[in-house]
Amino acid sequence: MHIDILTVLPDLLTSPFEHSIMKRAQDKGLLTVKVHQLRQWAVNEYGQIDDYQYGGGAGMVMMCEPLANAIEQLSKDRKYDEIIYLTPDGERLNQKIANSLSLKGNLLMICGHYKGIDERIRQQYVTKEISIGDYVLSGGELAAAVLVDSIGRLLPGVLGDETSALTDSFQDNLLAPPVYTRPVDFRGHKVPDVLMSGDHKKIDNWRYEQSVQRTKDRRPDLLED
Ligand code: ADE
């Protein structure tokens with residue numbers, strides 16, 4: 001999978017992809033992420049990419065021209081399966097969306113700033129709008145990092161144990177069961193006996209029951225889907 005990201009703050013998007021699973025995905029050649037400074041497509045030599053909003057009001061709007069030129073130039077090199085705008089009024093990201101995006105080949109993500117991007121870019125170029133939650137961030141960069149991470153870890157071959165993404169919370173609309181490691185007895189708090197029974201069928205049943213119970217207690221809304 002290849003992901004291009006358009007941003008005015010490319011430095012915000014270096015470290016998140018240089019560690020752990022995202023690094024492994026890139027080292028294995030399963031994922032490439034390229035971050036592009038939007039100001040390359042600025043309308044003048046001052047690097048302008050935003051302007052006052054029509055109708056008045058505080059806050060700048062990211063202009064059509066730099067975004068349209070950037071999208072058109074990048075689209076010459078590859079055909080995007082989705083052009084995604086990260087925005088608090090987009091569809092709320094969940095595991096199902098991450099799963100479905102992980103099946104794509106080329107994605108372009110646009111990080112908004114200030115009051116957001118001109119509506120005409122949303123209408124004419126953007127194919128998907130995603131929010132990472134009901135709160136407002138200073139820009140779309142951290143949201144893009146979250147989205148790339150949620151997708152990248154699902155690409156086949158990225159996780160060492162092929163089954164581990166399938167047992168994550170939210171796959172099957174269930175939260176993950178509790179997990180334990182050594183010691184067996186931590187200050188009087190013991191690991192449940194069943195996990196040391198060696199009986200894998202019993203262990204699987206216990207984990208499933210714990211998942212269902214945890215989901216009922218914490219996220220009953222997931223069971224309604
Ligand atoms: N940009 C600002 N806030 C955001 C959010 N919650 N999700 C996605 N992009 C954003």
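Is arginine 122 buried or exposed? Arginine 122 is buried, because its relative accessible area is 15%, and buried here means under 20% relative accessible area, exposed means over 50%, and partly exposed lies in between (1.4 Å probe, protein chains only). We will come back to this residue after a look at the whole chain.

A word on what you are looking at: this is a predicted model, in which local features need pLDDT of at least 70 and side-chain atom pairs count only at pLDDT 80 or more, while totals for chains, interfaces and linings use all residues. Residues are numbered from 1 along each chain as its sequence is written, and side-chain values use heavy atoms, with hydrogens and water left out.

Let's start with the overall picture. The chain has 225 residues, of which 41% count as buried. Its C-alpha trace spans about 70 × 40 × 35 Å along the principal axes. You can trace seven helices and nine strands in the chain; these are DSSP runs numbered from the N terminus, with helices (H or I) of at least four residues and strands (E) of at least two.

Now back to arginine 122, which sits in helix H4 (residues 119-124). Leaving aside residues up to four places away in sequence, arginine 122 touches Tyr85, Thr87, Asp89, Ile117 and Glu129. With one of these, glutamate 129, there is a polar contact of 2.7 Å between the two side chains. A polar contact is a pair of N or O atoms within 3.5 Å; within protein, one must be able to donate a hydrogen and the other to accept it, and residues adjacent in sequence count only if both atoms are side-chain atoms.

Beyond residues up to four places away in sequence, arginine 92 touches Ile97, Ser131, Gly133 and Asp134. Its side chain joins that of aspartate 134 through a polar contact of 3.3 Å. Glycine 133 lies 41 residues from arginine 92 in sequence, yet their C-alpha atoms are 6.1 Å apart in space.

Tyrosine 135 is in the loop between strand S7 (128-131) and helix H5 (141-152). Tyrosine 135 counts as partly exposed because its relative accessibility is 45%. Together with Leu9, Leu12, Leu137 and Leu142, Tyr135 forms a nonpolar surface patch with about 430 Å² of accessible area. Patches are made of residues with over 30% relative accessible area and no salt bridge, joining like charges within 9 Å and nonpolar side chains (Val, Leu, Ile, Met, Phe, Trp, Tyr) within 5 Å. A salt bridge, in turn, is a side-chain nitrogen of Lys or Arg within 4 Å of a carboxyl oxygen of Asp or Glu.

Next, look at methionine 60, in strand S4 (residues 60-62). At a relative accessible area of 24%, methionine 60 is partly exposed. Its contacts, again not counting residues up to four places away in sequence, are Asp50, Asp51, Tyr52, Tyr114, Lys115 and Gly116. Tyrosine 114 belongs to the loop between strand S6 (106-111) and H4, and its phi is near 55°, a positive value in a residue other than glycine.

The peptide bond from arginine 182 to proline 183 is cis, with omega near 5°, and proline 183 is in the loop between H5 and strand S8 (185-186). Arginine 187, in the loop between S8 and strand S9 (189-190), has a positive phi near 50°.

The structure holds zero disulfides, a disulfide being a pair of cysteine sulfur atoms within 2.5 Å. Cysteine 64 is partly exposed at 22% relative accessibility, whereas cysteine 111 is buried at 0%.

Terms used:
Areas by Shrake-Rupley, 256 points an atom, 1.4 Å probe, with all protein chains shown as cover. Contact = heavy atoms within 4.5 Å.
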